[in-house]
Amino acid sequence: MQMHLIIAVFFAITVVIAFLEDYLKELQKIVILAVYAVFMIVLATTKDVDHTADGPIYEQIFYNNDDLLTELTTEPTYLYISRMILAMGGTLTVLLFIYAVITIPAKLRAFYLLTPYIFTALIVYIPMYFELHDLIQIRAAAASTFILTSLLPLVNKKYWIAGLLMVIAIFFHYSSVIFLPFLFIGNRRLSSKGRICVACLVPLCFVLYLSGKDLFSLIPSSLLGGKLDYYQKTSEKGEWAMALLYKDIYFMLKCAMLYLCLYYYDFITQKSKVAPLLISLFTASILSPMLFSTVPVIASRISDMFGIIDCIVFTYCLYLFSPRYLARTGITMIGLYMLLYHMFASEYFT
């Protein structure tokens, strides 16, 4: 509960700054973000791993990094960094610090470059993905950071830089491989017919989800890999669980935001040159939990990796609603809902 209270205070401060950010100079924003980065690094480094959801697992892998099963199931970056730290007599805290230094400043910089309303974006990021990634799933945090930093080069058609960053992301978290197709999609705009197809695709996938079918159900069990087969069997036993999507308020709000983006697509893409790519990624974050629903752990990991885009896409409300404080109020309600949900319903911290 102590960690939740710290995040709640951090969230409240961010809300105040977000409502004032239109009046802040660029230098002032950069200074505030630098202070944010230091605070977030300290918080991510000094957390009590024994009282975080994935902490004991990371600790076990850190001290048993030469185990054969661990080598087969864990990304090489985590193993090699762990071995170097142990060779120098370091502890898990050093590893947490290295991951935080790699991810947090770069992620804040990426947000700063991708949206002019960075503090409004942080209203969603702090209670959602800072808590989920940077404090809990540190490998996913690193991967999502490299994905975010690859987006602007991709929009600017620097494909080799974007591709390199995506490959690095894969070495931090294997689920990042799902982003590789976007190297070919790029920042391509959707035509009016394409938008109609996307708008129809969401309810169609929802019907598929409600029927208990998904992409994995079309694959013969003999063709499923060992790890994937294990995930599918454990999900059937109830060892992995995922909230029902039609009861997930945040998911339904994302669907509503997607339809707003599709309806005002031309206007939004005029305001933001990265919008076509981000809306495509946002669409993928909505479709993935439905398309991979029979293996919830895979569905949630893919959705969470794509979901980092939420923070930026929700700021498009500032283009659509006037005065802006009404849009920021709505975004604040979304962030507050996720803050309270994680505080009282999640098991991230004990």
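**Helices and rings in a predicted model**

Modeller: Let's start with two helices that touch: R195, V198, A199, V202, P203 and F206 in α11 meet F251, C255, L258, Y259 and L262 in α13. Keep in mind that this is a predicted model.

Biologist: How do the axes of α11 and α13 run where they cross?

Modeller: They come within 10 Å and cross at roughly 160°.

Biologist: Why is α11 called roughly antiparallel to α13?

Modeller: Angles over 145 degrees count as roughly antiparallel, and the crossing is at roughly 160°, so α11 is roughly antiparallel to α13. As for the hand of the crossing, it's left-handed.

Biologist: On to the rings. How many aromatic pairs does the structure hold?

Modeller: There are 20 aromatic pairs. One of them joins F10 and Y36, with 4.8 Å centre to centre and 55° between the planes. F10 belongs to helix α1 (residues 2–20) and Y36 to helix α2 (residues 26–46), 26 residues apart, so the pair links distant parts of the chain.

Biologist: Are F10 and Y36 buried or exposed?

Modeller: Both F10 and Y36 are buried.

Biologist: Now F206 and Y209: what makes that pair tilted?

Modeller: Take the distance to begin with: ring centres must lie within 6.5 Å to pair, and those of F206 and Y209 are 5.8 Å apart. Then the angle: under 30 degrees would be stacked and over 60 edge-to-face. The planes of F206 and Y209 stand at 45°, so the pair is tilted.

Biologist: Why are F206 and Y209 about one helical turn apart?

Modeller: Because they are three residues apart in helix α11 (residues 192–210).

Biologist: How do you know that F206 counts as buried?

Modeller: Buried means under 20% relative accessible area. F206 has 18%, so it counts as buried.

Biologist: And what makes Y209 buried?

Modeller: The cut-off is again under 20%; Y209 has a relative accessible area of 13%, so Y209 is buried too.

Biologist: Which residues do ring pairs link into a cluster?

Modeller: F10, Y36, F39, F111, F119, Y125 and F130.

Biologist: One more. Why is I168 called partly exposed?

Modeller: Partly exposed lies between the buried limit of 20% and the exposed limit of 50%. I168 has a relative accessible area of 28%, so it is partly exposed. I168 lies in helix α9 (residues 159–172), and its C-alpha atom is separated by 7.0 Å from that of F146, 22 residues apart along the chain.

Conventions
Residues are numbered from 1 along each chain as its sequence is written. This is a predicted model: local features need pLDDT of at least 70, side-chain atom pairs count only at pLDDT 80 or more; totals for chains, interfaces and linings use all residues. Side-chain values use heavy atoms; hydrogens and water are left out. Rings of Phe, Tyr and Trp (its six-membered ring) pair if their centres lie within 6.5 Å; planes under 30 degrees apart count as stacked, over 60 as edge-to-face and the rest as tilted. Helices (H or I, at least four residues) and strands (E, at least two) are DSSP runs, numbered from the N terminus. Buried means under 20% relative accessible area, exposed over 50%, partly exposed in between (1.4 Å probe, protein chains only). Axes are lines fitted to C-alpha atoms, for helices over the stretch in contact, and angles run from 0 to 180 degrees between N-to-C directions. Angles under 35 degrees count as roughly parallel, over 145 as roughly antiparallel, 65 to 115 as roughly perpendicular and the rest as oblique. A crossing is left-handed if the near helix is turned anticlockwise from the far one by less than a right angle, and right-handed if clockwise. Contact means heavy atoms within 4.5 Å.
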